[in-house]
Amino acid sequence: MHEEIITEVERAAELFAAAGDREGRSKALLNVAMALRALGRFQDSLAAFDRVVDLVTDPRTAPPPWIADITAMTALSEGAQALLHLGRWQEAKEAADRALALDSRVGVPALHGEASLSKAHALWGLGEQTEARRVVQGAIHSLTSAGDTHYSDEAIAQQQQWSAITTAP
């Protein structure tokens, strides 16, 4: 059933492309990538996220600039999460950094918080605990100011877990 849904969304992306709807195509492909990650198909999702970033950064296929930036930021942040699942900490940090670099043009606190949370996880995996704690604090601030209770709760729980690790005897 899940594979059928992915096939249908891929077909929708093709129809958007045929109709010249760049925004619809990029959003449909982003949904495919997110569905693949949700199914645990992390390698496939990474390829799909890369495809989205390529699509929205190519002037021949990019939607309007603001849509391109927010779609690229989302794809990079979501791709960082897939990389985290694979234990590819450095690549996850780099993807999160690329997403955060777009924040000055996008300005969506929830996306900033999600990318920051991914970066914090990557930093922790790289053994950079002090920086991970600093970044997760910023993620909490961004997520709570955006009203994103799901990710802010996750970030707060992560902060508490990391505090317990460092304060344990």
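In the protein chain, the mean positions of the 15 positive and 23 negative charges lie 4 Å apart, where Lys and Arg count as positive and Asp and Glu as negative, with His and the chain ends not counted, and where the place of a charge is NZ of Lys, CZ of Arg, CG of Asp or CD of Glu. This is a predicted model, in which local features need pLDDT of at least 70 and side-chain atom pairs count only at pLDDT 80 or more, while totals for chains, interfaces and linings use all residues. Residues are numbered from 1 along each chain as its sequence is written, and side-chain values use heavy atoms, with hydrogens and water left out.

**Overall fold**

- The protein chain has 9 helices and 0 strands, the helices (H or I, at least four residues) and strands (E, at least two) being DSSP runs numbered from the N terminus.
- The radius of gyration of the protein chain is 17 Å, close to the 15 Å that the globule rule gives for 169 residues, so the chain is as compact as a globular protein of that length; the radius is taken over C-alpha atoms, and the rule is 2.2 Å times the number of residues to the power 0.38.
- Along its principal axes, the C-alpha trace of the protein chain spans about 60 × 35 × 25 Å.

**Burial and contacts**

- Of the 169 residues of the protein chain, 45% count as buried, meaning under 20% relative accessible area, as against exposed at over 50% and partly exposed in between (1.4 Å probe, protein chains only).
- Among contacts (heavy atoms within 4.5 Å) between residues at least 6 apart in sequence, 58% join residues at least 24 apart.

- Helix H3 (residues 42-57) has 16 residues and reaches 22 Å from its first C-alpha to its last, close to the 22 Å expected at 1.5 Å a residue, the expected span being 1.5 Å times one less than the number of residues.
- The buried residues of H3, including Phe42, Phe49 and Val56, pack against helix H2 (22-38), helix H4 (65-85) and helix H5 (89-101).
- The 18 residues of helix H8 (residues 129-146) should span 26 Å, and its end C-alpha atoms are 25 Å apart, which agrees.
- Among the buried residues of H8 are Ala132, Val136 and Leu143, and H8 is followed by Gly147, whose phi is positive, near 75 degrees.

**Met34**

- Met34 lies in helix H2 and, at 27% relative accessibility, counts as partly exposed.
- Leaving aside residues up to four places away in sequence, Met34 touches Phe49 and Glu78.
- Met34 and Ala82 are 48 residues apart in sequence and 9.3 Å apart in space, C-alpha to C-alpha.
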